[in-house]
Amino acid sequence: MAISSLIKFSMAALMMMIFIIPQSFFWLKLPFLCAVLAWMLVVGIHDHWKIRSSAFLPYYLIFCLLTVTWCIVGLVRVNPEIAVLEALRVYVVYMGIFCALGIYVSNLEYQAYVDRVVIAGAFGIGAVALYALLDHILQLGWLPQSIKDDMYLQVGLHQGYVQMNNVNIGILTFIVPYLLSRVLMGEQDEQRGWMLLGLAVAVVSAVLASRRVVLVLLVITPLLAFGLTVLAGQANQRHLRRFTQFYTLPLLIAGAGSLLVIYGGFDFLDGFSGRLASAFTTDADAPRPQQHAALMAAFTDNYFWGSGFGGLTSVIRSDERPWTFELTYSRLLFNAGLVGMGILLLFFCTYLFLTLRKIRHSAHASILVSLLTGFLTVLIATASNPYLSSFDFLFALSIIPLILNTTDRPHQRSAVDEGATQ
């Protein structure tokens with residue numbers, strides 16, 4: 001029992017590090033990862049780990065098969081071998097690791113812990129953001145420069161807004177939608193106050209970092225989450241009322257901010273609003289539009305099978321790794337062609353349907369819908385950010401099989417559910 005508790009702690013610590021120090025300090029995560037995998041191997045010999053969903057293993061097998069196929073295409077196209085090996089490492093080896101972790105977590109009643117882990121992750125990201133800001137202003141110097149470089153603790157003070165490059169800010173594309181969905185959907189319980197506080201810390205961190213995609217996701221999350229509850233047959237009048245009421249808040253804030261800029265002399269808000277508005281404008285000379293144009297031009301040369309992993313274009317994002325781009329889906333279309341993108345679209349639509357069907361009969365629908373919302377918002381955010389090219393962000397791709405293999409009680413309809421909208 002003591003060893004089992006220690007392994008649970010190791011898993012929680014690993015997730016905390018994925019949230020707070022993603023894309024850095026892999027050596028620090030490795031002992032916790034090895035402890036969980038070793039425990040799984042030992043206990044698995046006695047057949048204690050259950051794969052309850054027939055769709056669980058095919059999810060990872062299909063993912064790996066698609067990766068290997070387009071790695072072969074990349075080799076046929078004589079793309080850099082290191083790029084092909086990198087794709088195999090990320091989408092075969094790492095996904096294999098998350099397959100094992102998914103089996104472990106789904107065999108636990110993780111629903112009792114997931115809120116706490118996500119809330120703690122929000123607090124950790126907030127603490128890092130606050131330190132980065134204070135260190136920039138007060139020159140604290142508490143952390144060695146090597147650690148600050150690994151975490152990209154870079155701060156820029158501009159007219160009306162602050163900008164940060166902390167690597168963990170990207171994780172807020174999952175944490176903010178998850179916590180917001182839980183707050184809007186969850187029942188009154190002892191975790192609600194902490195969820196509200198964690199959500200507030202996460203939103204403030206996103207504002208301090210001037211991470212526009214997180215703020216955009218904050219606005220669309222209620223609509224997305226409510227749509228999922230409807231599709232899963234879990235929506236009721238309480239959910240509709242909460243989701244509707246939420247949209248009054250940003251409207252009031254936007255209106256108050258506009259009045260302060262126009263009549264109150266708060267000109268510094270103009271810089272922040274301009275920063276937000278720039279997320280919806282396109283500058284043809286900006287790096288991302290240039291990458292998109294180059295990727296689409298190269299796509300037309302191999303539109304059917306694509307270039308394979310490691311394909312190069314006329315625009316170079318990184319001299320060290322010229323096959324990498326910030327625009328995930330433009331790159332995927334270039335790499336996998338119409339065939340690969342078509343298969344991926346069918347693959348995810350099928351598994352989304354299976355996941356919604358699972359949630360329909362779940363007693364933990366609020367948590368599962370919130371996890372699925374976070375999964376979809378990460379997919380939205382990754383359109384303009386290469387998040388899914390690293391180990392840490394791949395946890396999002398394991399949310400669907402995790403839900404499918406979850407130990408769950410059947411959903412018991414209550415009097416509240418009688419007003420459900422179908």
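Biologist: Let's start with α3: how many Å does α3 reach from its first C-alpha to its last?

Modeller: A word on the ground rules: this is a predicted model, where local features need pLDDT of at least 70, side-chain atom pairs count only at pLDDT 80 or more, and totals for chains, interfaces and linings use all residues. Residues are numbered from 1 along each chain as its sequence is written, and side-chain values use heavy atoms, with hydrogens and water left out. α3 has 21 residues, and at 1.5 Å a residue the expected figure is 30 Å, the expected span being 1.5 Å times one less than the number of residues. The C-alpha to C-alpha reach comes close to that, at 31 Å.

Biologist: Which elements do the buried residues of α3 pack against?

Modeller: Helices here are DSSP runs (H or I, at least four residues; strands are E, at least two), numbered from the N terminus. Buried means under 20% relative accessible area, exposed over 50%, partly exposed in between (1.4 Å probe, protein chains only). The buried residues of α3 include Phe-56, Tyr-59, Phe-63, Trp-70 and Gly-74. Counting contacts as heavy atoms within 4.5 Å, their packing partners are α4, α14 and α16 (399-404).

Biologist: Which ring residues are linked into a cluster by ring pairs?

Modeller: Rings of Phe, Tyr and Trp (its six-membered ring) pair if their centres lie within 6.5 Å; planes under 30 degrees apart count as stacked, over 60 as edge-to-face and the rest as tilted. A search of the whole structure turns up 25 aromatic pairs. The cluster consists of Phe-56, Tyr-59, Tyr-60, Phe-63, Tyr-91, Phe-309, Phe-347, Phe-348, Tyr-351 and Phe-375.

Biologist: And α14, at which residue does α14 bend?

Modeller: Helix α14 (residues 328-360) has 33 residues, and a straight helix would reach 48 Å. The end C-alpha atoms of α14 are only 31 Å apart. The bend, taken as the angle between axes fitted to the seven residues ending at a position and the seven starting there, is about 115 degrees, and it sits at Gly-337.

Biologist: How many of the residues of α7 are buried?

Modeller: Helix α7 (residues 172-185) should span 20 Å, and its end C-alpha atoms are 19 Å apart, which agrees. Phe-174 shows the cover: leaving aside neighbours within four places in sequence, it is in contact with residues including Val-118, Leu-371, Phe-395 and Ile-399. α7 is mostly covered, with a buried count of 14 of its 14 residues.

Biologist: Phe-19 and Phe-174 form an aromatic pair; what is the geometry?

Modeller: Phe-19 is buried at 2% relative accessibility, and Phe-174 is buried at 3%. Their ring centres are 6.1 Å apart with 25 degrees between the planes, so by the cut-off of under 30 degrees the pair is stacked.

Biologist: What about Trp-49 and Tyr-104: how many residues apart in sequence are the parts that this pair ties together?

Modeller: The ring centres of Trp-49 and Tyr-104 are 5.4 Å apart and the planes are at 70 degrees, so this pair is edge-to-face. Trp-49 lies in the loop between α2 and α3 (56-76) and Tyr-104 in helix α4, so the parts joined have a sequence separation of 55 residues.
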